[in-house]
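Me: Hi! Could you walk me through this structure while I have it open?

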Amino acid sequence: MPDVREGSVIEYKFILESDYISNLYEWHFQEDIPVRYSSYKFLVPEFFIYNHRQLGNVVQLESESEYRDESFIYSYTTSQAFQPSVKKKATLPSRSQYQQMTTTNIKALQNEPLMNNRSILPSRIESQLITVKMPNSAPEQVARTYEQFSNTLLDWGTFGAVLSGGGFAKEKISTMSPQMNSIDKVNELYNWIRSSVTFNNVYGFSSSNSNRKLFREGKGSVADINLTLIAVLRQAGIEANPVILSTRGSGVPHPVYPSYEDFNYVIAGIEVDDKFIMADATSQLPLGAIPSKCMNWKGWLVSDEGEGRWIDLKAGAKESYTVQTDISFDNGEILKTCNVKFGEYALYKEMGKLLKSEEDYRSSIASNFSSDNVEINSESNGLKWKVESSIDMDDEIVYLNPIEYGAITDNPFKRETRFSNVDFNYGISRTIIAKVVVPDGYSAELPEPTAIGLPNRAGRFVYSIQKNGNIVTVLSQYSLKETEFTAGEYPALKQFYQLMVDKNNEPIVIKKL
């Protein structure tokens, strides 16, 4: 194309031929560039019954459909006793379904804050073959159920057979006290496996190096390690089953029709003391916590009875912060002491940073407060730190922000509209308390208290402030129960965040009398 240049329009057509009819070619209406016009047409013979679904971002489609008469010529060979085979041709009529879907002026798919599974977000049509019904034949069900899928996995030597191979752990189990309760047994065996083998960063849900062989070689994939964990727990009399899932960013499994390609990870689902506990022995997380990369919609629990079920991978998971700041004034300086305590996933995240490099972790804290006076306490499976800092104060007026750390002070949601869902890894709980001692000879102008909530009690923010004598106490409390919000719920979430940010950034005005 010797004359092609910027602004040129190139039109092309192509024909895709395939004998793979279980899933028709997936048609995308939305792309990484703006789409002016997109039209999808298909003509399906009456013998094939598909489920057509619009997935991803919802765009307005103009649809038209009708039935059209077609005929197909097919070849067959006769076969009769004592007669030679004869090749023949015949015509097969069909009342075929024609459908066309069209849309115009679709915005480009763009990265957005808290976006998950970008690959499944473009607006598209997916067609799944459900039934084949040929003339003079009984209907053939093509799409499998998840129960059938489970039974197939349990027949695999690299999956189901692994779960009964925990006999190698008998010696270890025999050393455990008979008086040990079930949860302590699970915890000891979980830590035993974690300390005995190393994760090689290979994903998947079928194992080639499990149980005794895994321990002998000392390293393996996520399936090697977690299927071995399940086998060992079963050997100890603990009810445990595999939960297969798709990690964040890898798409989500089809909710009705299973596909091997939809899953790339497996963890353990453990039933103990009437509780359901999820565990990933490739991680350094405590029992009952799984990596945030696994918190992607739901996982499928594969049961020996073939009666699996969906598991909410985010159930009960949240990050929590508690921050206590004491502020006073002395000799022309503002003195601050900030105590921070982390819980649940905030704790796991911070501990990961600390274990990676305490020097770097301490340095990052110090830079946030412009202070080298940092104390870190990570005893008893917890993490706290304290920072003391000081800044010079103006003699006449001070604009004091009492909650500089831990609160939401910047709105990540800038755009007016949004295509993709907002997907938080887990729930949130942040409590920030600040106590300000107003110096003698000064007054304090305080922000107004407020309380706001998201629809359906999905989240809540409370800001309270009160003055008692010369002491001002501020409370900023934010909780988020729901972790996923649709594009339609985005405006309310954006406004909620903006109101919270504005309030958290309001200063206390300290004035000289």
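Me: Before we start, what am I looking at, and how are residues numbered?
Reply: This is a predicted model, where local features need pLDDT of at least 70, side-chain atom pairs count only at pLDDT 80 or more, and totals for chains, interfaces and linings use all residues. Residues are numbered from 1 along each chain as its sequence is written, and side-chain values use heavy atoms, with hydrogens and water left out.

Me: Thanks! How many residues does helix 6 have?
Reply: Helix 6 has 13 residues, 344-356, and reaches 18 Å from its first C-alpha to its last, close to the 18 Å expected at 1.5 Å a residue. That expected span is 1.5 Å times one less than the number of residues. Helices (H or I, at least four residues) and strands (E, at least two) are DSSP runs, numbered from the N terminus.

Me: Which residues of helix 6 are buried?
Reply: Tyr345, Ala346, Leu347, Glu350 and Leu354 are the buried ones. Buried means under 20% relative accessible area, exposed means over 50%, and partly exposed is in between (1.4 Å probe, protein chains only). They pack against strand 15 (318-330), strand 16 (333-343), helix 7 (358-369) and strand 17 (373-377).

Me: Why does glutamate 350 count as buried?
Reply: Glutamate 350 counts as buried because its relative accessibility is 6%. Not counting residues up to four places away in sequence, glutamate 350 touches Phe342, Tyr361 and Leu383; contact here means heavy atoms within 4.5 Å.

Me: Switching topic: how do helix 3 and helix 5 pack?
Reply: Helix 3 (residues 182-196) and helix 5 (residues 222-235) pack at an angle of about 145 degrees, with their axes 10 Å apart. Axes are lines fitted to C-alpha atoms, for helices over the stretch in contact, and angles run from 0 to 180 degrees between N-to-C directions.

Me: And which residues meet there?
Reply: From helix 3 there are Val186, Leu189, Tyr190, Trp192 and Ile193, and they meet Ile225, Thr228, Leu229, Val232 and Leu233 in helix 5.

Me: How many bridges join strand 22 to strand 27?
Reply: Four bridges join strand 22 to strand 27 (residues 508-512). Serine 443 stands opposite lysine 511 in strand 27.

Me: Now threonine 450: where does it lie?
Reply: Threonine 450 lies in strand 23 and counts as partly exposed, at 27% relative accessibility. Its C-alpha is separated by 6.0 Å from that of valine 462, twelve residues apart along the chain. Leaving aside neighbours within four places in sequence, threonine 450 is in contact with Phe461, Val462, Tyr463 and Lys503.

Me: Last one: what is the phi of asparagine 331?
Reply: Asparagine 331 has a positive phi of about 50 degrees although it is not a glycine. Asparagine 331 lies in the loop between strand 15 and strand 16, and at 72% relative accessibility it counts as exposed.

Me: And asparagine 105, where is that?
Reply: Asparagine 105 is in strand 5 (residues 86-106). Asparagine 105 has a positive phi of about 50 degrees too, although not a glycine, and counts as exposed at 58% relative accessibility.

Key:
Two strands pair if DSSP finds at least two bridges between them.
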